[in-house]
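The sequence and the coordinates come first.

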Amino acid sequence: MCRHFSLFLLFFLLSLAPNGWCQKEEVCSKSIINSCSDCIRSGPYCAWCQQLNFTKAGEQESARCETRAKLMERGCAEEEMIYPRSVQQTEKNEPLSKSFNMQEPVQLSPQMISLKLRPGDPTTFRVSFKRVQGYPVDLYYLMDLSFSMRDDLENVKELGQDLFSALNKITEHAQIGFGAFVDKTVLPYTNTNKNKLQKPCDDNYECQAAFGYRHVLSMTPRSDEFKKVVTEQSISGNLDSPEGSLDAMMQATVCGNKIGWRNSSTRLLVLATDDGFHMAGDGKLAGILEPNDEQCHMTNNLYTKSNQMDYPSVGQLAMQLEENNIQPIFAVTNDVKNMYKQLSKMIPKSEVGVLSHDSKNVVELIESAYNRLSSKVTLTHDNLPENVRIVYTPRCEHARQEGDNKGVCDNVRVGEEISFDVTVTADTCMENKSFSIRPLGIKDTLTVKLSTNCDCQCKNPPESQHTHCTGKGRIRCGICSCSQGFVGQFCECSIGNREEHTLRASCLRESGIECENRGDCVCGRCLCHTTASGSSYHGEFCECDDEHCEKFQNKLCGGNGKCNCGTCKCYPGFDGSACQCTVSEEGCRTPNNTICYGRGNCKCNRCECKDGYQRPHCQTCLGCPDPCQTKLNCIECLGFDLGPLKKNCSVVCGDSVWHEMVDQFTISSKQCQQKDTEGCWIHFKLDQLVGEDNYKAEILKQRDCPEPPSILAIIGGSIASVALIGILLLLLIKLLIYMKDLKEFRKFENEKKKSKWANADNPLFQNATTTVTNPTFTGE
């Protein structure tokens with residue numbers, strides 16, 4: 001019982017601690033530190049010690065950068081620490097208004113605050129909000145006048161007085177405007193027949209010409225004027241179901257002067273429709289490719305760019321609604337309720353209400369939606385600079401969390417004061433930045449001016465040649481800034497006419513890092529720093545340390561050796577990369593009493609074989625070239641005094657092949673059969689001895705040499721072959737000629753058969769005619 005009570009008492013006392021039970025440990029995550037400024041930028045908990053002689057000789061000046069606790073442990077006086085903190089200053093803080101009295105009310109405080117932040121250090125300030133009683137309301141009723149809304153229009157004409165009565169319950173300063181929309185007057189949205197454009201409805205109905213969006217009535221406080229203008233409206237029509245709702249909403253939002261939105265008012269845009277909506281990209285169906293420019297294009301109260309510009313995207317519309325502090329209320333039928341609920345999720349500060357089939361409940365719908373909108377206060381920001389984070393913590397009865405980028409209080413009553421804790425963190429250094437914080441749908445804003453504190457305000461001695469710097473430099477934040485011609489931790493090195501970078505080049509290794517960041521380059525040589533454990537870096541470039549060797553059983557070098565420049569030097573009797581095993585060769589000894597057959601080293605009682613040789617004893621080499629091929633030239637010259645190595649055979653092959661000429665093999669290894677330079681087959685066997693290139697060879701005395709071919713037979717055969725080929729060619733030519741003649745003869749025979757001969761006279765032939773005349777005959 002006493003034990004349980006003691007535990008309870010301990011927990012209770014811990015809970016009363018200033019930071020609760022868990023206190024965040026302060027850590028300075030420094031990297032490359034060369035100055036006080038580098039230290040301050042490294043992290044929010046880093047402090048710089050400007051105390052002289054704080055660092056030891058050869059110690060890196062980055063040791064001056066640590067947490068305050070660690071610097072104090074090392075002997076740095078608190079007044080010698082540079083530890084800038086974030087600062088906030090309220091520049092404008094007018095009190096919150098209690099009620100609206102025809103002057104600009106104050107609903108948000110403060111109105112301007114200046115922050116000078118240390119990078120990484122979160123700073124929190126409080127913002128208060130109170131909605132004033134009787135704050136003006138501007139309501140713009142935007143109605144779908146497509147043919148399916150004909151019954152709704154008749155009821156809306158009678159709702160003017162009811163709307164004003166509902167608004168007057170909220171404020172005495174209410175105004176109402178009216179606008180109408182259908183869709184773009186081009187195919188496929190609207191019938192472009194000339195008669196249909198003028199009267200898109202059936203003949204039984206009074207109908208106005210097709211249009212995209214028309215502003216009908218600017219904001220007015222008179223209910224009779226609203227009723228008169230709305231009564232004059234008539235229905236119109238189009239072809240497809242989705243309407244040009246987003247086109248109309250965009251123009252009603254950006255054409256503020258024409259609509260009559262007041263600067264100090266709650267702006268409500270009521271969209272009444274029974275169909276879906278077209279959005280960006282749908283204009284391509286009509287060949288409209290120009291994107292919406294989010295500008296006002298209204299002439300004579302008519303949207304003039306309806307058929308030239310595409311519909312706006314949901315993102316474009318949401319951005320303009322937010323910029324103009326307009327809160328949309330979607331009054332839609334039950335058929336499209338889910339569609340507009342999804343749209344409402346993408347448009348901040350919007351509500352969806354379900355219309356009855358004839359819009360008789362529109363007043364109750366607007367009143368209910370307004371109450372939901374006005375009772376929900378959402379604090380957010382815009383134009384947030386890069387590398388700046390902001391978190392909102394609501395301080396109210398009904399706080400809601402909707403992400404880090406906004407703070408939400410729900411069920412807030414009129415006149416009730418609520419507050420938000422705003423935490424701002426800058427991750428990098430910056431100057432003269434600003435951003436705004438404001439409640440959605442409300443004009444009031446808080447301007448936050450932002451800069452960072454990245455500089456060190458050090459107490460530097462006035463002497464330009466300080467004795468601490470051997471009279472060759474001045475003190476800056478505790479370290480020496482040397483005069484020209486001098487370098488070193490205390491400006492003790494004179495470089496004369498040489499340039500400093502040439503002197504420092506001798507301190508650079510292949511990595512290009514001066515002294516491997518483990519020392520200081522003093523007069524062209526590296527003066528190494530001490531490690532965290534107190535030992536020193538060493539080597540020409542401070543590249544070595546004795547703390548980063550391989551470990552075994554979590555002990556450096558297994559506790560059986562000494563670490564030297566990253567390599568374990570084992571004590572006698574121990575071996576291995578981490579000195580993890582005792583020296584022994586029993587596991588490496590082969591049947592012929594050698595160690596790894598001379599083809600590996602015995603490490604930790606195991607053979608570490610050379611490339612290609614296989615454990616356990618490095619006897620075989622799976623990846624090595626076939627010795628039958630590689631030793632052929634040696635076998636040929638040693639056994640038969642032939643081949644390319646004939647002249648220097650003993651020099652090249654004497655140390656690697658010991659040979660013996662035999663009639664029969666006695667070695668049990670694989671037999672090699674290779675052809676020598678004379679074309680004879682040599683038969684031999686190789687047995688690999690101890691070592692890599694050391695073989696015993698047994699060579700059969702007798703080579704297998706094939707008989708030489710008969711020269712006469714080759715010549716005779718060649719002549720006979722040529723003669724035979726010639727005869728065959730002649731016969732082939734003769735055959736071709738014969739075939740051609742035969743073909744021509746057959747063709748002649750065919751022509752002869754086709755000709756028809758008759759016994760009639762030749763028509764060209766004429767018989768000879770003889771005429772005899774007596775020259776002396778006179779005819780008497």
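Predicted model: local features only at pLDDT ≥ 70, side-chain atom pairs only at ≥ 80, totals over all residues.

Residues are numbered from 1 along each chain as its sequence is written, and side-chain values use heavy atoms, with hydrogens and water left out.

Helices (H or I, at least four residues) and strands (E, at least two) are DSSP runs, numbered from the N terminus. Buried here means under 20% relative accessible area, exposed means over 50%, and partly exposed lies in between (1.4 Å probe, protein chains only).

Two strands pair if DSSP finds at least two bridges between them. Strand S6 (residues 112–117) pairs with S22 in the parallel sense over 6 bridges. Within S22, Lys449 is the bridge partner of Ser114. Strand S21 (residues 433–439) runs antiparallel to S22 and is joined to it by 5 bridges, with Phe435 standing opposite Val448 in S22. The hairpin of S21 and S22 has 6 residues between the strands, and Gly441 in this hairpin takes a positive phi near 85 degrees.

**Helix H11**

Helix H11 covers residues 337–346, and its buried residues are Tyr340, Leu343 and Ser344. They cover an arc of only 105 degrees around the axis, which puts them on the same side of H11. The arc is that of the directions from the helix axis to the C-beta atoms. An α-helix has 3.6 residues a turn, so residues three or four places apart point the same way. On the other side of H11, the exposed residues are Asn338, Lys345 and Met346.

The buried residues of H11 pack against helices H8 (245–254) and H10 (314–323), and against strands S11 (266–273), S14 (326–332) and S15 (351–354). Contact means heavy atoms within 4.5 Å.

**Aromatic pairs**

Rings of Phe, Tyr and Trp (its six-membered ring) pair if their centres lie within 6.5 Å; planes under 30 degrees apart count as stacked, over 60 as edge-to-face and the rest as tilted. By this rule the count comes to 6 aromatic pairs. Two of them are listed here.

| Pair | Centre to centre | Angle between planes | Class |
|---|---|---|---|
| Phe178 and Phe226 | 6.1 Å | 80 degrees | edge-to-face |
| Tyr189 and Tyr311 | 5.9 Å | 85 degrees | edge-to-face |

The pair of Phe178, in strand S9 (residues 174–181), and Phe226, in helix H7 (residues 223–231), links distant parts of the chain, 48 residues apart. Phe178 counts as buried at 0% relative accessibility, and Phe226 counts as buried at 0%. Tyr141, Phe178 and Phe226 form one aromatic cluster.

In the other pair, Tyr189 lies in the loop between S9 and helix H6 (194–198) and Tyr311 in the loop between strand S13 (302–303) and H10, so the pair ties together parts that are 122 residues apart in sequence. Tyr189 is buried at 1% relative accessibility, and Tyr311 is buried with a relative accessible area of 1%.

Lys184 is placed in the loop between S9 and H6 and counts as buried at 1% relative accessibility. The charged end of Lys184 sits over the ring of Tyr311, 4.5 Å from its centre. The criterion is that NZ of Lys or CZ of Arg is within 6 Å of the ring centre and within 35 degrees of the ring normal. Likewise, the charged end of Arg214 sits over the ring of Phe211, 4.5 Å from its centre.

A polar contact is a pair of N or O atoms within 3.5 Å; within protein, one must be able to donate a hydrogen and the other to accept it, and residues adjacent in sequence count only if both atoms are side-chain atoms. The side chains of Lys184 and Asp247 are joined by a polar contact of 2.8 Å. A polar atom of the Lys184 side chain also lies 2.7 Å from the backbone oxygen of Met309.

His278 is in the loop between S11 and strand S12 (298–299), and counts as buried at 5% relative accessibility. Its side chain makes polar contacts with the side chains of Asp240, at 2.6 Å, and Asp282, at 3.1 Å. Not counting residues up to four places away in sequence, the residues that His278 touches include Tyr189 and Tyr311. Under that exclusion, Lys184 touches residues including Tyr189 and Tyr311.
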